[in-house]
Amino acid sequence: MPTTPRFTTWRTLAAASVALFLAAVLTPTAAHAAPRESSPVYSYANAVREAVWVDTGLDGDGDSKADRVAVDIVRPREPAQRGRRIPVIMDASPYYSCCGRGNESQLKTYDADGAVVQMPLFYDNYFVPRGYAFVGVDLAGTNRSDGCVDVGGRSDIQSAKAVIDWLNGRARAYTTRTGTTTATADWSNGRTGMIGKSWDGTIANGVAATGVKGLRTIVPISAISSWYDYYFAQGAPLYGSGPDWLSGYVESPAARAKCAAVQRQLVDGAPRTGDWTPLWTERDYVKDAAKVKASVFLTHGLQDLNVRTKHLGQWWDALAKNGVQRKIWLSQTGHVDPFDFRRDAWVDTLHRWFDHELLGYDNGVDREPMADIERHPDQWVTSTTWPPRDTRATTLRPAQGTLPGVGTLGGARGHGTETFTDDPTLGETDWAAAIDTPTPAKAGFVTAPLTRDLRLAGSSKVTVTATPSTPTAHLSAVLVDLGPATIRDYADGGEGITTLTDRTCAGESTPGDSACYRTTRARTTDVGQTVFSRGWADLGTWADPGKGAPLTPGKAYTITVDLAATDHVVPAGHRLALIVAGTDKDLIDPPADTPTLTVDLARTSADVPLVGGAAAFARATTGTPPAAVADGGSDGVRAPATVHRVP
């Protein structure tokens, strides 16, 4: 394990000077020993800060000139002076000038000569003294870059890919935005790791899916894997807007004046019908997972209702199918960076990951358990592989109970029907709170109290056969843990964290770029039930998931709804529930009509990823449950706040 402290109060320049002196006087034996960790031996205060503009080869803004993207670079001065080339950590983002990065919404700032002074987040402060260059790329159409924002399309991805090509001598860059003096990356060894949260991490996914040479690893945090699935769930719209709104949200004033044609393409190519179009094909990185050569260290909040965990599930499975080296962290939070919920461990692990992947150090990070999972707030467990090797898709079936809409969930095929009417004013927390009560807006199916813990790890599918009363209908399917628990309050504005006033430091600081960030603590809430996996669909996509069609009232349709990936343990004494309903308030938009749907139970089932498979379910549903564990009652988290989410 590393011995260098990861978090300190303000580290003085004198300490950095001492580190440089020690590095200079190392004996030949010590200097040639196989390193296991990069150390902060280079001066951050004296780092090279420069900007170049890389030619993307595209002309998105239609001005008859190739677009150039701005690349701000912070790198240690000493390696180049000694003839040594270094690797790059890159964050390509649309947010460096409009909206900010991180929990404190930091922006890039510049000196009078246009050199970057503050680079958002801790990556440069921490890694530059350890012998890495940090590169912050403004996506095309944002901040100081040319071109237009195309929201995950060719221009977005080429913005970062062209920089990797330049770092490897395959593309051209210039010292100014409009000049002709070229710049070379003769200080770079060509090895690049990409990192970023949300849209930034999405770019890392997309660039990796090109198979570009020189990209050695990516660290996508709460990232999108297919843009269609950000805006739609099997035809059901998730937001009242499309990618055109997001483009306008981040683009620079210069781009806004030139990019009307691209905006029109985003509107025309992403109809609110939810139909799959060529625009979505271009922005689907999952289909190109076979091209990925970089390793992937992925992290995601299991209660992320912005970039939902369907993105991580389908991306992870596709990478596994193609033999990509992988590592994963799964938290109880919403859309939160691990720097803000597990800071010390995150920086330590990220350091060792980049040392291994970019410097080639044999530090054992590749031999550690594949997965870290937050089981309770600030309580983490590991899995050697994820999902565990003995995870099996297990079919559970709903059946009628003694009350209408209050059924059972087990292994035996059910009979008869259950009926509910879509109520767009209600959502998953309302349905779960009324699980044992006949209510008109949902059909619920529940196991008896479990006699053993039951773990679900991976992605579920729920197949529903339903007869609508109207030409349009949306379906929701959710899995619920019924029982008392203390969880991170993911529906709160902080999505599971509270930001405090004190600070800890990750790396070196300068007067213009502090490495010290506000600390956080878990924001928790006590609940009686927890929704832990969700999925939605437009029933009109029953025949073709890429194209909806009007329904014939009175006719039965069968559709399979994909649920978001999860890793959740339903404890002994709790109950597992499946709820089928209509509009999930604030999470999908309602259909044009207000349908009543009749569910055919004999043709409805859930395939859930149980660790231990059907045998584990049988063991957990036989015998006597623990007497000490009572049902948790009806309290759950509040309904998620209605906000205009951005990735």
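Colleague: How far apart are the sulfur atoms of the disulfide that Cys-98 and Cys-99 form?
Modeller: This is a predicted model, in which local features need pLDDT of at least 70 and side-chain atom pairs count only at pLDDT 80 or more, while totals for chains, interfaces and linings use all residues. Residues are numbered from 1 along each chain as its sequence is written, and side-chain values use heavy atoms, with hydrogens and water left out. The structure holds three disulfides, each a pair of cysteine sulfur atoms within 2.5 Å. In the link between Cys-98 and Cys-99, the sulfur atoms are separated by 2.1 Å.

Colleague: Are Cys-98 and Cys-99 buried, partly exposed or exposed?
Modeller: Buried means under 20% relative accessible area and exposed over 50%, with partly exposed in between, using a 1.4 Å probe and protein chains only. Cys-98 has 33% relative accessibility and Cys-99 has 22%, so both cysteines count as partly exposed.

Colleague: How many residues apart are Cys-148 and Cys-259?
Modeller: A disulfide joins Cys-148 to Cys-259, with 1.9 Å from S to S, and both of these cysteines are buried. The pair links distant parts of the chain, since Cys-148 is in the loop between β6 (133-138) and α5 (154-167) and Cys-259 is in the loop between α9 (253-258) and α10 (260-269); here helices (H or I, at least four residues) and strands (E, at least two) are DSSP runs numbered from the N terminus.

Colleague: Is the disulfide of Cys-505 and Cys-516 left-handed or right-handed?
Modeller: Cys-505, in strand β24 (residues 497-505), is linked to Cys-516, in strand β25 (residues 516-522), and the S to S distance is 2.0 Å. Cys-505 is buried at 4% relative accessible area, and Cys-516 also counts as buried, at 12%. The link of Cys-148 and Cys-259 has -85° about the S-S bond and is left-handed. For Cys-505 and Cys-516 the torsion is about 95°, so this disulfide is right-handed.

Colleague: Which side chain of opposite charge is nearest to Asp-91?
Modeller: Asp-91 lies in strand β3 (residues 86-93), and its contacts (heavy atoms within 4.5 Å), not counting residues up to four places away in sequence, include Tyr-96, Tyr-123, Phe-134 and Asp-200. Asp-91 is buried yet has no salt bridge, a term that requires a side-chain nitrogen of Lys or Arg within 4 Å of a carboxyl oxygen of Asp or Glu. At 5.0 Å, the nearest side chain of opposite charge is Arg-101.

Colleague: Which strand gives the most to the lining of the largest cavity?
Modeller: The structure holds six cavities of 30 Å³ or more, a cavity being a set of points on a 1 Å grid where a 1.4 Å probe fits but cannot get out, with lining residues having an atom within 4 Å of a point. About 130 Å³ of space lies in the largest cavity, and of the 13 residues that line it, the closest to its centre are Ala-233, Arg-308, Lys-310, Trp-536 and Asp-562. Although β11 (232-233) and β26 (524-538) each supply at least two residues of that lining, the largest contribution, three residues, comes from β26.

Colleague: What distance separates the C-alpha atoms of Arg-619 and Asp-268?
Modeller: Arg-619 is found in helix α15 (residues 613-620) and, with a relative accessible area of 39%, is partly exposed. Not counting residues up to four places away in sequence, Arg-619 touches Thr-451 and Arg-452. Asp-268 is 351 residues from Arg-619 along the chain, and their C-alpha atoms are separated by 53 Å.

Key: Lys, Arg positive; Asp, Glu negative; His and termini not counted. 1 Å grid on protein atoms, 1.4 Å probe; cavity = no way out; pocket = protein on both sides within 12 Å on 5 of 7 lines; lining within 4 Å. Points joined across faces, edges and corners; volume = space filled by probe spheres on them.
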